[in-house]
Amino acid sequence: MKLLLKFDFTKVCNTVLKQKLEAHQFNYQQTAFGEIELMDKVSEERLKLFHEDINSFGIEVVEDPKKIVIQKIKDVIVDMVFNEKDINVKTSVYLSEQLEENYNYLSNLFSEMTYTSIENFIILQKIEYTKILLTNEDLSLTEIAFKLNYSSVAHLSKQFKNTTGITPSAFQRIIAKRKQIN
Amino acid sequence: MNSDYINIALADDDEDDRLFFTEAFEELKIKSKVLLFKDGIELMEYLNDSNNTLPNLLFLDLNMPKKSGLECLKDIKSAKRLRGMAIAIYSTSASEEDIENTFVKGANVYIKKPNDFEKLKKVLSEVVTTNWQYHTSGLNKDNFLLRL
């Protein structure tokens with residue numbers, strides 16, 4: 001006896017997914033077809049087991065969504081610093097608006113995934129930009145401090161020293177000497 | 001948590017110091033795989049063998065017999081395949097001029113070696129974390145200078 005089968009693919013997929021999510025006891029919401037939001041904090045181990053389980057049904061998690069969020073945060077910060085974006089609101093508000101997420105969530109996720117904080121990452125980026133302006137554009141530290149909205153040149157100078165352990169002028173000198181050698 | 005890890009190499013002729021560093025790395029948040037070398041010659045033999053994986057970050061003791069840290073640095077910076085590694089030089093003491101000179105010769109990090117284990121952990125953590133940001137955020141490594 002032959003049976004001819006007709007599949008409702010959407011329903012098949014959703015049912016398998018639902019069963020699996022329930023078997024793994026996730027508190028979740030389906031936000032779109034192929035997109036699930038887990039409502040609670042889930043350990044990496046549990047996620048890994050879930051991935052392995054659904055893999056055998058031909059379902060795959062596209063990419064670690066956490067990493068996507070981290071990348072977006074970094075992109076917004078780099079754009080903000082390097083393109084000298086004129087932002088009227090606090091950085092936390094700006095990031096929250098750009099990513100449409102609560103700042104506390106972003107901040108915790110960032111610290112968990114990158115071994116640094118959003119605040120430190122912003123400082124690091126500003127110092128990196130300062131280095132480029134110092135060596136490639138030949139701007140003075142005073143000009144850079146103004147450009148990057150520092151309250152004073154002393155503040156920028158101190159932040160540079162705190163971040164790198166060397167003074168801006170020593171940095172300039174070292175890079176200039178390296179260029180001479182090469 | 002993050003499951004990524006970093007490859008670290010350490011060249012130091014002092015066995016106690018190697019142990020000291022290895023223990024400190026084990027306690028860092030960033031997971032690492034550490035390769036140990038007893039002197040500069042052993043290190044360079046490993047690095048020059050193109051079958052071997054290059055570390056992301058190399059810690060070099062300045063004062064080693066046979067081949068010093070500075071000599072290794074010079075060889076590494078003149079080899080195209082090795083140039084991209086981040087290099088942290090450490091020593092017990094040095095003059096301002098010596099320190100600046102190591103940076104000019106291509107070192108990324110200069111560490112004055114602390115005697116205290118907790119301080120060492122803190123210093124190494126800062127080096128590894130900063131290196132991690134350069135490694136993962138596409139920053140220009142030529143501008144990576146850190147003194148601790």
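In the predicted model, strand 1 of chain A pairs with strand 2 (residues 35-38) of chain A in the antiparallel sense, with 4 bridges between the two. Within this pairing, Gln30(A) is placed opposite Ile36(A) of strand 2 of chain A. The two strands form a hairpin with 2 residues between them, and Gly34(A) adopts a positive phi near 80° there.

Asp61(B) is part of strand 3 of chain B, which comprises residues 57-61. Asp61(B) counts as buried because 24 C-beta neighbours lie inside 10 Å, the cut-off for a buried residue being 20 or more. When residues up to four places away in sequence are left out, the contacts of Asp61(B) are Ala11(B), Asp12(B), Asp13(B), Gly69(B) and Tyr90(B).

Between the chains, 17 residues of chain A are in contact with 18 residues of chain B. On the side of chain A that touches chain B, two or more residues each are given by helix 5 (103-114), helix 6 (118-135) and helix 9 (168-181) of chain A. Helix 9 of chain A provides the largest share of that side, with 5 residues. By class, the side of chain A that touches chain B consists of 7 nonpolar, 3 polar and 7 charged residues.

Note on methods:
Residues are numbered from 1 along each chain as its sequence is written. Chains are lettered from A and ligands numbered from 1 in the order in which they are written. This is a predicted model: local features need pLDDT of at least 70, side-chain atom pairs count only at pLDDT 80 or more; totals for chains, interfaces and linings use all residues. Two strands pair if DSSP finds at least two bridges between them. A residue is buried if 20 or more other C-beta atoms lie within 10 Å of its own, exposed if 12 or fewer, and partly exposed in between; C-beta atoms are placed from the backbone. Two residues are in contact if their C-beta atoms, placed from the backbone, lie within 7 Å. Ala, Val, Leu, Ile, Met, Phe, Trp, Tyr, Cys and Pro count as nonpolar, Asp, Glu, Lys and Arg as charged, and the others, Gly among them, as polar.
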